[in-house]
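Reader: Hello! Could you take me through one part of this structure closely, namely its salt bridges and what lies around them?

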Amino acid sequence: MTTSPAQTPASSDHRSDRPRVVIVGSGFGGLFAAQALRKAPVDVTLVGKTAQHLFQPLLYQVATGILSEGEIAPATREILRRQENARVVLGEVTHIDVTARTVTSEVLGRQTVHPYDELIVAAGAGQSYFGNDQFAEFAPGMKSIDDALELRGRIFGAFELAEIATDPAEIDRLLTFVVVGAGPTGVEMAGQIAELARRTLRRDFRNINPTGARVILLDAAPAVLPSFGKKLGEAARRQLNEIGVEVQLGAMVTDVDANGLEVKDSDGQVRRIQAATKIWAAGVQASGLGRILGEQTGAEVDRAGRISVLPDLTLPGHPEIHVVGDMMALGKLPGVAQVAIQGGRYAAESIKRKVSGKSPQEPFTYFDKGSMATISRFSAVADIGKFKFSGFTAWVLWLVVHLMYIVGFKSRITTVLHWMVSFLGRGRSERVATQQQVYGRLALEELGSGWEVSKTGGPKNTSPDDEDPTNRESA
C-alpha cells in the first residue's frame with residue numbers, strides 16, 4: 001500500500017451555517033460531551049489520540065488476564081455512528097491557536113487543522129513519575145491499552161521465566177511483583193496479581209510454586225486509599241494482607257532499574273528490593289495542552305499541568321473554550337471519571353444554551369456519587385456519601401456501577417461472562433501475551449517517530465539529506 005505525500009495542512013471541516021464544535025479527547029469527558037450534543041444544531045468534530053474510548057478504571061483487569069482490551073475500549077466511531085452531527089478524527093492534538101480558533105492534530109506525519117467556534121478540551125492525563133521519567137522503562141504505568149498489554153506480558157512472562165530458572169535468587173526476583181502507589185489503581189492491581197498467583201496459576205507449573213509469589217504495595221503516604229478515609233483505608237489494608245499482599249507505607253521510591261528498585265523509608269533508611277516486575281500507579285500529569293492554553297490565555301497552570309478554569313469551566317477571556325476532566329483545576333475536584341463525565345455534559349449544555357440564545361446555566365457543581373475500589377474476589381471498599389461499605393456488599397456495588405458505565409451492550413455481556421470465569425472459577429480468559437507487547441513500546445521510543453511514518457508509507461521529507469531509516473519508500 002502506498003500513500004501520497006503530505007500536503008500543506010488545511011481545514012478538515014467545511015464551513016456551514018452551524019456552529020463548529022471541536023472536542024479534544026475521546027475519554028469520558030469528550031465522549032459524554034459529544035453525546036450530549038446529539039440533538040443540538042451544531043457540527044461536532046471529536047479528535048482522539050486513539051480510535052477507542054477507553055474505560056480506564058478496568059485497565060488492571062486487562063493487565064491481569066480477566067478482560068480483553070476490546071471489552072473496555074470500544075471504537076469511538078462505533079459509539080457515535082448514529083449521531084449524524086458528529087465526526088471522529090484520529091490524531092494527537094499538537095497545537096491550539098486561540099486567536100485563529102484552530103486546533104491542529106497530527107498522526108504519522110499528517111497534519112490536519114480544525115477550525116472551531118466552540119472548543120471542549122478533554123485530553124485527560126498521563127502517568128507522572130515526579131520528574132523521574134527514566135523509571136518508565138522499568139516500571140510501566142497504567143494509563144493506556146499499550147500499558148496494560150505490556151504489563152500482561154511482563155506479569156505472565158515472569159512466571160514462565162521463573163519456571164525455567166535454576167538460581168533460587170533469580171526465581172525470587174522473578175516472582176516478586178512491586179506496585180508503586182496505594183491509591184485505587186495500585187490497590188486493585190496488587191490484589192489481582194495476588195489472586196492470579198494464589199488461585200489461577202497455583203496448579204499450572206511444575207518447578208515453581210506460584211502461591212509463593214511476593215506481591216508488595218509501596219507508597220510514600222502513611223495510609224492505603226487516603227481519599228477514602230481512615231476506616232476504609234484500614235479495611236482495605238487488612239483485606240490486602242489476608243490475600244498475601246505486603247503493604248509497605250512511608251516508603252518512597254528513589255531509583256528503579258531492570259532488576260529492582262531502591263526505597264527510602266520514613267526513618268531515612270535506604271533499602272533495595274529485587275523484583276523483575278514493577279508497576280507504577282502513583283501520580284498523574286495532565287496533558288501538555290494545558291500549558292499551551294495557559295501561555296495564550298494567561299490562565300494559571302499548576303504543577304500537575306492542570307489549568308485553572310472559571311466556575312463555568314471556561315478560560316478567562318475565552319468563553320468559547322471549555323476545559324473538563326483531568327485537565328481542569330477547580331477547587332479540589334478529584335481526577336476521577338465522574339468529574340469528567342459531569343464536566344463534559346455541563347460544557348455541552350453551555351454550548352446548547354448559547355446556540356439557542358438561552359441564559360447561561362449556574363456555575364458547575366460536582367455531585368459526588370462516591371468512590372469504589374475492588375480488593376479481590378468478593379471483596380471491595382465503597383465510600384458513598386454518608387455510607388461506607390467494605391467486603392461483599394461493596395464488591396456487588398462495584399460490579400453494578402462498572403457495568404453501568406461500560407459503553408455498549410455487547411461489551412457488558414462479554415464482561416459478565418469473563419467475570420464469571422474469573423470470580424466464580426479459577427480461570428483467566430485473556431492470558432495471551434507476545435514479545436511485541438512487552439518490548440514494542442521501548443523499541444518504538446528508541447527508533448523515533450520517523451520509523452513509524454516510514455513503515456506506514458506515510459508522508460516523508462523528500463529532501464536528499466533526509467534518508468528513510470528503513471530504506472523503503474513505502475510499506
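**A close look at the salt bridges**

Author: Asp204 and Arg431 form a salt bridge, with their closest N and O atoms 3.1 Å apart (a salt bridge being a side-chain nitrogen of Lys or Arg within 4 Å of a carboxyl oxygen of Asp or Glu). This pair links distant parts of the chain, 227 residues apart: Asp204 is in the loop between α7 and β10 (214–219), and Arg431 is in the loop between α12 (409–424) and α13 (435–447). Helices (H or I, at least four residues) and strands (E, at least two) are DSSP runs, numbered from the N terminus. Asp204 is partly exposed, with a relative accessible area of 38%, and Arg431 is partly exposed as well, at 32%. On this scale buried means under 20% relative accessible area, exposed over 50%, and partly exposed in between, for a 1.4 Å probe and protein chains only.

Please keep in mind that this is a predicted model, in which local features need pLDDT of at least 70 and side-chain atom pairs count only at pLDDT 80 or more, while totals for chains, interfaces and linings use all residues. Residues are numbered from 1 along each chain as its sequence is written, and side-chain values use heavy atoms, leaving out hydrogens and water.

By the rule above, the count comes to 16 salt bridges. Another of them joins Glu246 and Arg214, at 2.8 Å from N to O. Glu246 belongs to strand β11 (residues 245–249) and Arg214 to strand β10, 32 residues apart in the chain. Glu246 has a relative accessible area of 30% and is partly exposed; Arg214, at 35%, also counts as partly exposed.

Next come Asp257 and Arg272, whose closest N and O atoms are 2.8 Å apart in a salt bridge. Here strand β12 (residues 251–257) holds Asp257, and strand β14 (residues 270–274) holds Arg272, 15 residues apart. Asp257 is partly exposed at 23%, and Arg272 is partly exposed at 38%. Elsewhere, salt bridges that share partners join Glu349, Lys352 and Arg353 into one network.

Helix α7 brings us to one more feature. This helix (residues 184–200) gives the most to the lining of the largest cavity, with three residues. The lining consists of Glu195, Arg199, Thr200, Ser422, Gly425, Arg426 and Arg428. A cavity is a set of points on a 1 Å grid over the protein atoms alone where a 1.4 Å probe fits but cannot get out, and lining residues have an atom within 4 Å of a point.

Note on methods. On a 1 Å grid over the protein atoms alone, a cavity is a set of points where a 1.4 Å probe fits but cannot get out, and a pocket is an open set with protein on both sides within 12 Å along at least five of seven lines; lining residues have an atom within 4 Å of a point.
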